[in-house]
Amino acid sequence: MVKVAILGYGVVGSGVAEILTGSGGDVRKKADELIGLKYILDLRSFPDSPLAEQFVKDFSIIEGDPEVNVVVETIGGVGAALDFTERALRAGKSVVTSNKELVATHGRRLLDLAAEHGAVYLFEASVGGGIPILRPLSDCMAANDILEICGILNGTANYIFTRMVQDGVPFEQALKGAQANGYAEQDPTADVEGHDTCRKLCILSSIAFGWHVLPEQVATQGITKITLEDEAYAAACGHRIKLLGRSIIQEDGSLCAYVEPHFVSVQDPLGGVEDVFNAIKVKGDATGDVMFYGRGAGRLPTASAVVADVIAAARKMERAGYRPWQANRPEGVRSPEQLESRWYVRLASGSFSGGQLLTRPGAAEGEGAYLTPPMSRQTLEAQLRDQKVLSVIRVLD
Ligand code: HSE
């Protein structure tokens, strides 16, 4: 009998409890074993909940209960979540999490700790919400050398872009909608400044390339400067603006990894990804491009990925883990400064020599927007030195 404890009864934790208790019969069948929810740890009280009996406030009750063999950590952050994860693993309990910050920062050490204590540390829900991506990347693509990962990895940012384009609502109002739907982090700075995308890219890259890529190695730019005017120019030339995380293997074995908004053609499968959906394009040397698509945030999609890991842990502890990661390579990641691409530039006045002129209805007097020929950011900046620049966005080619 597998007994589960959930740490944190927020958006995802309550979804996990609902799936484990509401459709318990089915979950049990899939696990080939009985799975029971024994505890929910939260500092708040829920006296009217049908699960009121299961709530505890003291982690040591869970830590000291030999019946609990799987702990679901949905607290988030790297404070109590890290402490409880380490204590659970040391007690030989497997840990399942949706906490991308913790995995991106401490994943390798926690994977080692799990192995030392005969447990597993699983985190399918930390990337892409309900999309199955980590185990397919780790297992189903194992025959490939991965050449590139390119993904829309934050549901909140993509929802904001979609509301701006489809409904013409400004950025702040679109963000409020993402918060109301339970997509955004408690502090949405991580969503809109690109840190959440960066953490997810680090987890994907660590699995794909086999060594721990750390968030501080990845140049990260968010979406707060994107305006309705930029969206209008993107639409005018058959593009959408998307926040992408990219990790590209270089000839010398290093990675060019970064997070930036991009102009993405509507002809590209990533250009058609709207609303809270995420999509991750993985290029393998044997498979070519493979794309994973689905709801990237939200209560039940994310809880679905958590419960799948609980089932995996219940089924066969020793076979549930991902491909192992080696230690971080301090010099292993390059910035995208030398990565050549076309660029969208919007100027308050003046023109861009050799650029393709873009137009939009209602443009301000003198405003000029262009798609440039391919060049590095450094070359672009040299060409823009004496211009009044309003926006610069890389084009995904
Ligand atoms: N805040 C995250 C997002 C939640 O919007 O994608 C899922 O990781």
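User: Before we look at the ligand, what counts as a polar contact?
Analyst: A polar contact is a pair of N or O atoms within 3.5 Å. Please keep in mind that this is a predicted model.

User: Understood. How far is the ligand's oxygen atom from the polar backbone atom of Gly-155?
Analyst: The distance is 2.8 Å, between an oxygen atom of the ligand and a polar backbone atom of Gly-155. Because the limit for a polar contact is 3.5 Å, this pair qualifies.

User: And which part of Thr-156 lies 2.7 Å from a ligand oxygen atom, side chain or backbone?
Analyst: For Thr-156, a polar side-chain atom lies at that distance.

User: How much of the ligand does the protein bury?
Analyst: The protein buries 93% of the 250 Å² that the ligand exposes when taken alone. The ligand sits in the largest pocket.

User: What classes of residue make up the shell around it?
Analyst: The shell around the ligand has five charged, four polar and three nonpolar residues. Among the residues around the ligand are Lys-100, Glu-185, Asp-191 and Lys-200.

User: Which helices each supply at least two of the shell residues?
Analyst: They are α7 (155-167) and α10 (195-209).

User: Changing topic: what is the strand order in the open sheet?
Analyst: The six strands run β3-β2-β1-β4-β5-β6, with parallel pairing. At the edges are β3 (55-56) and β6 (121-122), each of which pairs on one side only.

User: How many bridges join β1 and β2?
Analyst: Six bridges link β1 (residues 2-7) to β2 (residues 35-41) in the parallel sense. Ile-6 stands opposite Ile-40 in β2.

Methods
Residues numbered from 1 in each chain as written. Predicted model: local features only at pLDDT ≥ 70, side-chain atom pairs only at ≥ 80, totals over all residues. Heavy atoms only, no water. Near = heavy atom within 4 Å. Polar contact = N/O pair within 3.5 Å; in protein donor to acceptor, adjacent residues only side chain to side chain. Areas by Shrake-Rupley, 256 points an atom, 1.4 Å probe, with all protein chains shown as cover. 1 Å grid on protein atoms, 1.4 Å probe; cavity = no way out; pocket = protein on both sides within 12 Å on 5 of 7 lines; lining within 4 Å. Sits in = over half its atoms within 2 Å of the grid points. Helix = DSSP H or I, 4+ residues; strand = E, 2+ residues; numbered from the N terminus. Nonpolar A, V, L, I, M, F, W, Y, C, P; charged D, E, K, R; others polar. Pairing = 2+ DSSP bridges.
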